[in-house]
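Trainee: I would like to learn how to read a model like this one. Where do we begin?

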Amino acid sequence: FVPYYGKNRVHRNKFEWFIYKTDHFDIYYYPELEKHLERVAGYAESAYQRISGELKHDLADRVPMILFKTQSEFQQQNISGGELPEGVLAFAEPERNRMVLPIDEPPDQLYRLITHELTHVFEFSIIPRGIIGASLPLWMDEGLSNYMAGYWNILDLMQVRDAAITDNVPKMSEVETAPLSGRLTYSMGHATFEFIEAKWGKEGLRQFLFSLRKNVIGGGESAYEEALKLKPEEFDEQFDRWIKERFKPFRDKER
């Protein structure tokens, strides 16, 4: 790639980068962002404490977090290999555990966005990727991040509800989707982790994640059997019943 990497990208701004350090983050910013640093750092540290506490896991290294002031400036980043598709609000990359995001969101949405991307960094730490690790179904990565953000986008909730009332709940143990292939991966993944918490509690959810780790690096039985004591098909059946019961009042009203 050298010296041509990134040279064919359209650049409209030249960013003068500085680093602001907190307990768990190296925040990369340029002068226009300086007045927002304390607020964003507070969101990031708060999200770290919450995720670390919920998952009972700490990251070994500080997290690089690269900030852009606006979505249009975010589109000029050259960390990802190519152009970002429309609709990508932010991303975290497993190779160097970096988070990249713009901050032009309302405060509550920005906090959720940071929580979502930081959850990915925790996922990469718990379950290795790349050479020594395999990939996970996308719904596990995105579903856990949405679950940790603790918020239901109204369209995602509608999508899950419609799947439940029309008998179209997918078998989650078999679901394989490509990145950027729609919202169902996020919404059904979110619902699946809520189901795991409802039935097995926070400890069951943690056991599921760490069983996935063992499974991915080449040991142990399936995470469903080891952590939840169910065969994958039994897990799918119980999730199907749970999600239909959750929306039963709406289902009955429709009928």
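This is a predicted model: local features need pLDDT of at least 70, side-chain atom pairs count only at pLDDT 80 or more; totals for chains, interfaces and linings use all residues.

Trainee: Which helix is Ile 154 found in?

Mentor: Ile 154 is found in helix H5.

Trainee: Is Asp 23 buried or exposed?

Mentor: The cut-off for exposed is over 50% relative accessible area. Asp 23 has 65%, so Asp 23 is exposed. Asp 23 is found in the loop between strand S1 (18-21) and strand S2 (25-29). Leaving out residues up to four places away in sequence, Asp 23 touches Glu 45 and Arg 62. Asp 23 and Ala 41 are 18 residues apart in sequence, and 9.6 Å apart in space, C-alpha to C-alpha.

Trainee: Now the interior. What is the general idea there?

Mentor: In soluble globular proteins, nonpolar side chains tend to be buried together. Here the largest nonpolar core has 73 residues, and Met 99, Leu 118 and Phe 208 touch the most other members. Helix H6 (residues 184-216) gives the most to this core, with ten residues.

Trainee: Which residues does Met 99 touch?

Mentor: Not counting residues up to four places away in sequence, the residues that Met 99 touches include Phe 25, Val 63, Phe 91, Ile 114, Leu 118 and Val 121. Glu 117 is also among them.

Trainee: How many residues of H4 are buried?

Mentor: Twelve of its twelve residues are buried, and H4 is mostly covered. Among the buried residues of H4 are Trp 139, Asp 141, Glu 142 and Tyr 147. What covers them includes helix H1 (37-55), helix H3 (107-126), H5, H6 and helix H7 (223-228). As for length, helix H4 (residues 138-149) reaches 17 Å from its first C-alpha to its last, close to the 16 Å expected at 1.5 Å a residue. Just after H4, Gly 150 takes a positive phi of about 70°.

Trainee: How should I read a pair of helices?

Mentor: Two packed helices are described by the angle between their axes and the distance between the axes. H4 and H6 pack at about 85°, and their axes are 8 Å apart. Angles of 65 to 115 degrees count as roughly perpendicular, so H4 and H6 are roughly perpendicular to each other. By class, their contact has eleven nonpolar, six polar and four charged residues.

Trainee: At what angle do H5 and H6 pack?

Mentor: Helix H5 (residues 154-165) and H6 pack at an angle of about 75°, with their axes 9 Å apart. H5 and H6 are therefore roughly perpendicular to each other. Asp 156, Gln 159, Val 160 and Ala 163 of H5 make the contact with Leu 184, Ser 187, Met 188 and Ala 191 of H6. The residues of this contact divide into five nonpolar, two polar and one charged.

Trainee: Which value does phi of Lys 56 take?

Mentor: Phi of Lys 56 is near 55°, a positive value in a residue other than glycine. Lys 56 lies in the loop between H1 and strand S3 (63-68), and is exposed, with a relative accessible area of 60%.

Trainee: Where is Asn 97 placed?

Mentor: Asn 97 is in the loop between strand S4 (91-93) and strand S5 (98-102). Asn 97 has a positive phi of about 55° although it is not a glycine. With a relative accessible area of 28%, Asn 97 is partly exposed.

How values were computed
Residues are numbered from 1 along each chain as its sequence is written. Side-chain values use heavy atoms; hydrogens and water are left out. A nonpolar core is a set of buried Ala, Val, Leu, Ile, Met, Phe, Trp, Tyr and Cys residues joined through side-chain atoms within 4.5 Å. Buried means under 20% relative accessible area, exposed over 50%, partly exposed in between (1.4 Å probe, protein chains only). Helices (H or I, at least four residues) and strands (E, at least two) are DSSP runs, numbered from the N terminus. Contact means heavy atoms within 4.5 Å. Axes are lines fitted to C-alpha atoms, for helices over the stretch in contact, and angles run from 0 to 180 degrees between N-to-C directions. Angles under 35 degrees count as roughly parallel, over 145 as roughly antiparallel, 65 to 115 as roughly perpendicular and the rest as oblique. Ala, Val, Leu, Ile, Met, Phe, Trp, Tyr, Cys and Pro count as nonpolar, Asp, Glu, Lys and Arg as charged, and the others, Gly among them, as polar. The expected span of a helix is 1.5 Å times one less than its number of residues.
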